[in-house]
Structure formats: C-alpha cells, structure tokens
Amino acid sequence: MTGSAFSLGEEVELRKVEYKLHGELWKKFTCADFDLKFENWIKLKYLNENADDFDGGVLDVPNDKGGLYMFYVKCNIISGITEYPLYVGRAQITENQNLRKRVKEYFQKYSKNNERPKLTRMFNYWKNDLYLAYFPLDDNEDVISIENQFINSLLLPMNTEIPDTEVKQAIKAFQ
C-alpha cells in the first residue's frame, strides 16, 4: 500500500497548478462592448478519444476570423463547476493567421516538445480532459486588448507572459 500511495502522491504533485485569485485584479477587467460570459463561448473537446489527433469539432473553428481562445480541463464529477481554465490566447485575422490555424498549432507544435514547457505539461497531464473554448472577434485591436486584460486579471497557470508591467513585477517578486 505504501508504494502505491507514494506513486499516487508523485502523480498528484506533478499535476499541481497554482491559481492566483485576486478580486481587485478582476475588477480592472473592463470589456462592456462584449458579453464574454462563458456560456457565450463555443466549447468543444480539443483532442479525440485517443488524444492523438484533434476532435472533429476543431474543424468547425472559423478560419475567416480572429478571436480569443481558452484551454481548460473539464472534470465531469460536478458538471458546470469543475472546469479549470489553464491558458488564454488570441488569434488575429491576417493573411497568415486565423482562429482555426492558431488553435491547431498548439497540439501540432507544443504538445511534444519543450519549446513552451507549461504547454507541453498541459498536454502531457490533461490531454484526455482538455477542452477548447473560443470567442470569435472581427477586430484585431479588440482581440489584443481583451486578451491582455484576461491575462492581467486571471493570471492563469499556463500563461507565462503577463502584459501589465506592475502585475508582472508583483508576480515575479513573490515567486
């Protein structure tokens, strides 16, 4: 029993993530022009049942729009309350970039290498329970502004770059 408890403890420790819950940062989030309630995002399972390719819904992500996207882990024990956001990102609409292309890049590029270790970790530990939510937007300036506000307010565990200098300095000082 001791061996299995130790192994389980190791596995649990590897999957530990830290959330910084700070109400004052949440109050700084201002985005009155968009209804960003989670129910208004389009949600889908990111990888197939074997976690070796995309789930079919990824092909429905628009390739003619930019927008925001969020990777999150979903546990079905208490549906609707056990969804853990891990990472938020953005896709601008340009000649070489769009929402579908950007969300596909994560599995194609970061799931198997250490170029971005936190994202590799996200795939290693939660690939079977990883979901994608996205919110299409037409204006690239809105995409950039809202993503920056999300990162600065939510401080999600897999986002490494914090745009706001004061928030970045505060986080680094206490790590």
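## What counts as a salt bridge

A salt bridge here is a side-chain nitrogen of Lys or Arg within 4 Å of a carboxyl oxygen of Asp or Glu. Keep that cut-off in mind as we look around this predicted model. By this rule, Lys16 and Glu13 form a salt bridge, because their closest N and O atoms are 2.9 Å apart. Glu13 is partly exposed, with a relative accessible area of 46%.

How many salt bridges does the rule give? The count comes to 9 salt bridges. The general idea is simple: side chains of opposite charge can pair when their charged atoms come close.

One of these pairs joins the side chains of Glu11 and Arg15, with 2.7 Å from N to O. Both partners are partly exposed: Glu11 has a relative accessible area of 39%, and Arg15 has one of 30%.

Another salt bridge links the side chains of Lys27 and Glu24, at 3.1 Å from N to O. Where do Lys27 and Glu24 lie? Both belong to helix H2 (residues 23-27), where they sit 3 residues apart, about one turn of the helix. Is Lys27 buried or exposed? With 60% relative accessibility, Lys27 counts as exposed, because the cut-off for exposed is over 50%.

Now for the strands. Four of them, in the order S1-S4-S2-S3, make up an open sheet with antiparallel pairing. Which strands are at the edges? They are strand S1 (42-45) and strand S3 (83-91), each of which pairs on one side only. On average, neighbouring strands of this sheet are turned by 25° against each other, direction ignored.

Let us look at one pairing in detail. Strand S1 and strand S4 (residues 130-137) run antiparallel and are joined by 4 bridges.

Two helices can be followed from here. Helix H3 (residues 99-110) packs on the sheet and touches strand S2 (66-74), S3 and S4. The direction of helix H3 makes about 35° with that of S2.

Helix H4 (residues 117-126) also packs on the sheet, touching S2, S3 and S4. What angle does the direction of helix H4 make with that of S3? It is about 140°.

Technical notes. Residues are numbered from 1 along each chain as its sequence is written. This is a predicted model: local features need pLDDT of at least 70, side-chain atom pairs count only at pLDDT 80 or more; totals for chains, interfaces and linings use all residues. Side-chain values use heavy atoms; hydrogens and water are left out. Two strands pair if DSSP finds at least two bridges between them. Axes are lines fitted to C-alpha atoms, for helices over the stretch in contact, and angles run from 0 to 180 degrees between N-to-C directions. Contact means heavy atoms within 4.5 Å. Buried means under 20% relative accessible area, exposed over 50%, partly exposed in between (1.4 Å probe, protein chains only).
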